[in-house]
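I'll jot down what I look up as I go.

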Amino acid sequence: MHLLHRWNCPWASDAPPSRAYLGEYGELAAASYLRAHGLKVLYRNFRYGSSGEIDIMCREGDTLVACEVKSTASSAGGAPMRMVDYAKRELLRRGMRNWLYLLGRDDIPTRFDIVEVFLNGDQKPSIRHHRNAFGMHEGRRHRS
């Protein structure tokens, strides 16, 4: 089985990819990785109105899993998952509620994962999967 997440990145190391290309390639690598690790990919880039976008909607057993993919070609900015702030989490929650609304059900177990994809020139992508990264009903955190 030849899986995308095992492929080398398709750009020369001296010519960095555009942001759009980086994101698309990272999402493809993440979807391949998730499939290889037993999740069933249901949909990519789910949008319902102005609710934001869920990069990859999956199912693992009876659990519906919304995956946010963060890709980077550089380690200089720190962990990509730090980019999933409160506002982004709220958009993902709204997207999940819309998916459940379209199913006509609200009794399905849900989970939010973050998949970090590190693309290193001509090397194979390195992928870090953060399962259950945040919950459906997380409140806004207050600073002291």
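**Entry 1: confidence.** Before anything else I need pLDDT, which is the predictor's confidence in each residue, on a scale from 0 to 100. I need it here since this is a predicted model. I looked up the average and got a pLDDT of 83 for the protein, with 81% of the residues scoring at least 70. I then went to residues 140-144, where the pLDDT is below 50. Leaving out near neighbours in sequence, I find one contact for that stretch in the model.

**Entry 2: the layout.** The protein has 144 residues, and 42% of them count as buried. I also checked how far apart in sequence the contacting residues are. Of the contacts with a separation of 6 or more, 57% are between residues 24 or more positions apart.

**Entry 3: the cores.** Which residues have the most contacts inside the largest nonpolar core? I get Leu 34, Ile 56, Cys 58, Cys 67, Val 115 and Val 117, in a core of 18 residues. I traced where the core comes from: α1 (19-36), β2 (53-60), β3 (63-72) and β4 (110-118) each give at least two residues. Helix α1 has the largest share, with seven residues.

**Entry 4: salt bridges.** How many salt bridges does a search of the whole structure find? I wrote down 11. Here are the ones I followed up.

- Glu 27 and Arg 44 meet through their side chains at 3.3 Å, N to O. This pair links distant parts of the chain, as Glu 27 is in helix α1 and Arg 44 is in strand β1, 17 residues apart. I see Glu 27 as buried, because its relative accessibility is 10% and the cut-off for buried is under 20%. Arg 44 comes out as partly exposed, at 24%.
- Lys 70 pairs with Glu 68, and their closest N and O atoms are 3.4 Å apart. Glu 68 is buried, with a relative accessibility of 3%.
- Glu 90 and Arg 93 form a salt bridge at 2.7 Å, N to O. They sit about one helical turn apart, because they are three residues apart in helix α2. Is Arg 93 buried or exposed? I find Arg 93 buried, at 1% relative accessible area, whereas Glu 90 is partly exposed at 23%.

**Entry 5: Thr 72.** I found Thr 72 in strand β3. It counts as buried, since its relative accessibility is 16%. Setting aside neighbours within four places in sequence, I list Leu 22, Pro 80, Val 117, Phe 118 and Leu 119 as the contacts of Thr 72. Val 117 is a name I already had from the largest core.

**Entry 6: the surface.** I noted an accessible surface of about 8,500 Å², with 48% of it belonging to carbon and sulfur atoms. Then I looked up a nonpolar patch of about 340 Å², made by Tyr 48, Tyr 101 and Leu 102. Tyr 48 is in the loop between β1 (40-47) and β2, and at 34% relative accessibility it is partly exposed.

My last stop was Arg 82. Where is Arg 82? I found Arg 82 in the loop between β3 and α2 (86-103). It is exposed, because its relative accessible area is 61% and the cut-off for exposed is over 50%. I also checked Arg 82 against Lys 70: they are 12 residues apart along the chain, and their C-alpha atoms are separated by 9.3 Å.

Terms used
Residues are numbered from 1 along each chain as its sequence is written. This is a predicted model: local features need pLDDT of at least 70, side-chain atom pairs count only at pLDDT 80 or more; totals for chains, interfaces and linings use all residues. Side-chain values use heavy atoms; hydrogens and water are left out. A nonpolar core is a set of buried Ala, Val, Leu, Ile, Met, Phe, Trp, Tyr and Cys residues joined through side-chain atoms within 4.5 Å. Buried means under 20% relative accessible area, exposed over 50%, partly exposed in between (1.4 Å probe, protein chains only). Helices (H or I, at least four residues) and strands (E, at least two) are DSSP runs, numbered from the N terminus. Contact means heavy atoms within 4.5 Å. Accessible areas come from the Shrake-Rupley method with a 1.4 Å probe; for residues, only the protein chains shown count as cover. Patches are made of residues with over 30% relative accessible area and no salt bridge: like charges are joined within 9 Å, nonpolar side chains (Val, Leu, Ile, Met, Phe, Trp, Tyr) within 5 Å. A salt bridge is a side-chain nitrogen of Lys or Arg within 4 Å of a carboxyl oxygen of Asp or Glu.
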